[in-house]
Amino acid sequence: MGFKGKEASSFFRDFLDECGGSAVIDGGFATELERHGADLNDQLWSAKCLVSSSSHLVRRVHLDYLEAGANIILTASYQATIQGFEAKGFSREEGVTMLRRSVEIAREAREIYHDRCTKDSSDFMRNERYRKRPILIAASVGSYGAYLADGSEYVGDYGDSVTVQTLKDFHRERVKILVDAGADLIAFETIPNKLEAQAYAELLDEEGIETPAWFAFSCKDESNVVSGDSIFECASVADSCRQVVAVGVNCTAPRFIHGLISSIKKATSKPVLVYPNSGETYISESNQWVKSSESAEDDFVPYIGKWRDAGASLFGGCCRTTPNTIRGIAEAIYGKVQDKCM
């Protein structure tokens, strides 16, 4: 399934219909790369694997999530920017190549997965609707704060000197490269404030980008994004943008999700997506995740049904979640499936 010029909202409605009304997003990426042996102690974070011999690990993580049941896999471009690559000594051309490569690796993983399922089809015919489920590649676009790598993505305070124009100029080239590389979706993730949402909406319009996009906000409670801006106002910005086909939250504690879905539903009729973190809190000063009294990796999986009843239709995981989390979500939505090629 691909976009291929179809009107964005119609394309995404068709995708959700093919999925049976609900879809599964993949889970934590950087922590999975580290589990497979990648050293991400770098300002480029997960994007470091695009510049090293570790790109095979990126493909492996994508495949792990596909085998767990994901309908949407996100590229390793969250912290990949031309500016960030240049700061590490790479040329602009090398930066462009690595951004494009993030989409190509995800597409390769999808092809490998489909090929495996086709070759092993005799073992999986009992669950053909899972084997042939639609799979989309979402190009991950992290916030300006992610590029700064100073923790500002977790508070949304960029200072008075950063304007909507600043943010548009920063993101413009990266978004165009990811679109040209053939991504099915653009996933604007961990948006920390209304200002950046406005910049994304204007950028999509100014560049005439037709590829469908989603806006996922990082929130500090049931009503507000991490900057303190209202989630209702932020979701309203997304609702006003024609190219945005889904609105929701990521990198947010599971305990806030139900209330956030309700607030978002008041602002938009577009599909709502939720992919919370494990419930742990990131301490930027020490670069560590700290467990809260509420957190355990799969704690939020039992709430998927309640979140769906509240109005969400796309579900996944963010930081510190794993393929096991995503498998649990897929089973919560579709029922238990024994076959590897779900």
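Helix H10 first: Glu196, Ala197, Ala199, Tyr200, Ala201, Leu203 and Leu204 are buried in it, buried being under 20% relative accessible area with a 1.4 Å probe, protein chains only. This is a predicted model, where local features need pLDDT of at least 70, side-chain atom pairs count only at pLDDT 80 or more, and totals for chains, interfaces and linings use all residues. Residues are numbered from 1 along each chain as its sequence is written, and side-chain values use heavy atoms, without hydrogens or water.

H10 runs over residues 194–206, 13 residues. Helices here are DSSP runs of H or I, at least four residues, and strands are runs of E, at least two, both numbered from the N terminus. The expected span is 1.5 Å times one less than the number of residues; for H10 that gives 18 Å, and the end C-alpha atoms are 18 Å apart, so the two agree. After H10 comes Gly208, with a positive phi near 60°.

Next, the sheet. It is open, with eight strands in the order S1-S10-S7-S6-S5-S4-S3-S2 and parallel pairing; two strands pair if DSSP finds at least two bridges between them. S1 (23–24) and S2 (72–74) are at the edges with a single partner strand each, so one side of each has no neighbour in the sheet. S4 (residues 185–191) pairs with S5 (residues 213–217) in the parallel sense over four bridges, and Ile191 has Phe217 in S5 as its bridge partner.

Last, cysteines. With a disulfide taken as two cysteine sulfur atoms within 2.5 Å, the count is zero. The sulfur of Cys251 has its closest cysteine sulfur in Cys319, at 3.8 Å, which is too far for a bond. Cys251 is buried at 8% relative accessible area, and Cys19 is buried at 5%.

Terms used. Buried < 20%, exposed > 50% of the residue type's maximum accessible area, 1.4 Å probe, protein only.
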